[in-house]
Amino acid sequence: MTLIGSRTARRPALLATLALGATLLQAPWAGPAEAATTGLVRVNQVGYADSGAKEAFLLSKAAVSGAGWKLLDSSGATVASGTTGASLGSWNTAYPAVYLIDFTGVKTGGSYRIEVSGAATGSSPSFTIGGATPLFGALTDDATAFFQSQRDGRATIPGRLNRKPAHLTDSAATVYNWPAFTSSDGDTIKAAPTKIGGTVDVEGGWFDAGDYLKFTETASYADATLQLAARESGAAPGSALRAEARFGLDWLDKMWDENTATLYIQVGLGSGTSSGSVVGDHDVWRLPEKDDADGAHPFLKSRPVFRAAAPGARISPNQAGRLAADFALGAQLSAVGDPVRAKRYLDTAAQIYALADTAPGTLVTTVPHAYYPEDSWKDDLAFGGAELALAGQALADGRTSGWLTQAASWAKAYEATGSTDTLNMYNTSALAQAELARAVRAAGNPGGLAIGYDALVADLKAQITGAKARADKDPFHMGAVYNDFDADSHALGLAATTRLYRNLTGDTSLNRFGAQQTDWILGANAWGTSMMVGEGTTFPHCTAGQLPNLAGGLNGGSSVQLGAIVNGPNGSGQFSGGLDDYLDGMRACPPGGTDAFSAFTGHGSTYVDDVRSWQSSEPALDMTASALLAFALSG
């Protein structure tokens, strides 16, 4: 790469580019750019940190030798230039070569684009180079806005989707037994569930994804990441991030009855019976406030709540570990300003943690289990114990050393499983290792623990280097597997893990890998789309969710839900049966059902931006939570 001078950053242009999340919502939906050109230039469409690695990719219709590229600033002046080297590999038969364009040496802030000429031609969308804090701070804010838009209950925030209060009857929801299902991998029930208890207040919380169900399984992961993001970024008590983390914790507090030691895990019935005699959430496409007056469907108007087990019974350890982490993180955040609240949160965390079932059968997740078939739990108990130890240290609690010992034992037990999974809702080992290492270091790295600081750091680093080995062989430097499921979730988890490792150790040698993962999410991928709604030039407009689809506005009635992360590209086998039919009341998006991304299916992976595509277009709490953590740690 040849650097060609430098220019003073034009602050108005930079700020205008940083505001893409707001201005692009007014633009019409667009598919991938330059589809007719020989080459397509894929970039992080939001932008690159001035001090970090900067990679773009030329996706070429033929193998070429030494295509020339130029980095142009907003005035059209060439800032850097170079030629492409050897191909990083084939993507598919239509695009048999991918070439790296590395412009890491450019540090000056501003708005830029890349043009390729010679053996291949193409140009990129405009993008920003700027300070990490404004770049990633804006993304963190937009991810927080997604959580605000997912609120249920009285405390909804109107926002871009003009949200209204909904499911007010959840304040007196009746407890039901789990229904029987017609199959082990579906959610159709055989008959209506039966009442087994009185009423409980479970109003509030967040919708899980594109539907209106609420789960502790996903909310506990999301709230832990929000609280970690708030703590690590130093978010002020009155900030939107702190407020949203508190909102989530308040709902989890309702789902745990400390007096009877009962955990409630779900509000709402997924699907009804095949005959239609019972109607569930997934059977009707509507806005959530409609449920409050729906006298025709009793399980929509008065939603059931399901508990994890009988009062006082042992709690599935995945739930116990994450919930303990949630309340212990709440104690940490409240330790200085509200020590009374902090002490209550710590005691709640300790109560739940002590009830963990350490010899479980099938883990308790959701009703049915098939929604979230988690099978990992030792990582969750290590995570919960680590946060208890950190909270105990902050509050000088006498139980701290016991929690540290328990957390270390569970971290060692998790290590012995040999799992190679990385951070996502199903696996919190990276959070456990990073947080436990902090607690062990704060305690003076005492002897006698099942695992010490150095081994924890080594385990954390191994998660990153294992994925980096995969990324080094991938044409777009993606470290996660994208021919299966949850590619976006894992990519963002890897980005967050890299930043947790850097912040813990000061080792910056893996920073480029972390940047590659966020670049992929924000457009530097084969499809040339950002996977975060409202961010970049091309982003998901047809998310598989009722709220954005019915809110009205852009693209035939589908209004974008700013800040949401969608499932993204996943295994092509997930699409073998095609897309589902449009449901009654669903607005077609995109118009005509055109698949603008079909030419880029490759490496066994498919991406479809369509309201019917739950496989790749559904927004969800857990994926957006991982994004929020990664971005908050990047500033």
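# Briefing: disulfide, aromatic rings and selected residues

Both C542 and C589 are buried, where buried stands for under 20% relative accessible area, exposed for over 50% and partly exposed for anything in between, calculated with a 1.4 Å probe on protein chains only. The model is a predicted one, in which local features need a pLDDT of at least 70 and side-chain atom pairs count only at pLDDT 80 or more, while totals for chains, interfaces and linings use all residues. Residues are numbered from 1 along each chain as its sequence is written, and side-chain values use heavy atoms, with hydrogens and water left out.

**Confidence**

- The average pLDDT of the protein, that is, the predictor's confidence in each residue on a scale from 0 to 100, is 93, and 93% of the residues score at least 70.
- Residues 1-37 have a pLDDT that stays under 50, and the model gives this stretch 85 contacts beyond four places in sequence, a contact being heavy atoms within 4.5 Å.
- Residues 553-558 also have a pLDDT below 50, and this stretch has 24 contacts in the model beyond near neighbours in sequence.

**The disulfide**

- One disulfide is present in the structure, the term being used for a pair of cysteine sulfur atoms within 2.5 Å.
- The bond runs between C542 and C589, with an S to S distance of 2.1 Å, and the link is left-handed, with -65° about the S-S bond.
- Because C542 lies in the loop between α14 (511-521) and α15 (546-550) and C589 in the loop between β17 and β18, the pair ties together parts that are 47 residues apart in sequence; helices (H or I, at least four residues) and strands (E, at least two) are DSSP runs numbered from the N terminus.

**Aromatic rings and charges**

- The structure contains 22 aromatic pairs, counted when the ring centres of Phe, Tyr and Trp (its six-membered ring) lie within 6.5 Å, with planes under 30 degrees apart called stacked, over 60 edge-to-face and the rest tilted.
- One of these pairs is formed by F103 and F127, which are tilted, at 5.7 Å centre to centre and 40° between the planes.
- This pair connects distant parts of the chain, since F103 is in the loop between β7 (97-102) and β8 (110-117) while F127 is in strand β10 (residues 127-130), 24 residues apart.
- F103 counts as buried because its relative accessibility is 0%, and F127 counts as buried at a relative accessibility of 0%.
- F215 and Y372 make an edge-to-face pair, with centres 5.9 Å apart and 75° between the planes.
- Here too the pair links distant parts of the chain, with F215 in strand β13 (residues 214-215) and Y372 in the loop between α8 (339-354) and α9 (378-395), 157 residues apart, and both F215 and Y372 are buried.
- One aromatic cluster is made up of F57, W91, F476, Y482, W520 and W527.
- The charged end of R42 sits over the ring of F600, 4.9 Å from the ring centre, a description that requires NZ of Lys or CZ of Arg within 6 Å of the ring centre and within 35 degrees of the ring normal.
- The charged end of R612 likewise sits over the ring of Y582, 4.3 Å from its centre.

**Buried residues with polar contacts**

- Q561, found in the loop between α16 (554-557) and β17 (570-571), counts as buried because its relative accessibility is 2%.
- The side chain of Q561 makes a polar contact of 2.8 Å with the side chain of Q150; such a contact is a pair of N or O atoms within 3.5 Å, where within protein one must be able to donate a hydrogen and the other to accept it, and residues adjacent in sequence count only if both atoms are side-chain atoms.
- Leaving out residues up to four places away in sequence, Q561 touches several residues, including F146, L161, V533 and P619.
- R303 lies in the loop between α6 (298-301) and β16 (305-307) and is buried, with a relative accessible area of 3%.
- The side chain of R303 has a polar contact of 3.1 Å with that of D152 and one of 3.5 Å with that of H167.

- D580, in the loop between β17 and β18 (605-606), counts as partly exposed at 44% relative accessibility.
- Not counting residues up to four places away in sequence, D580 touches R612 and W614.
- G337 is in the loop between α7 (317-334) and α8 and is exposed, with a relative accessible area of 72%.
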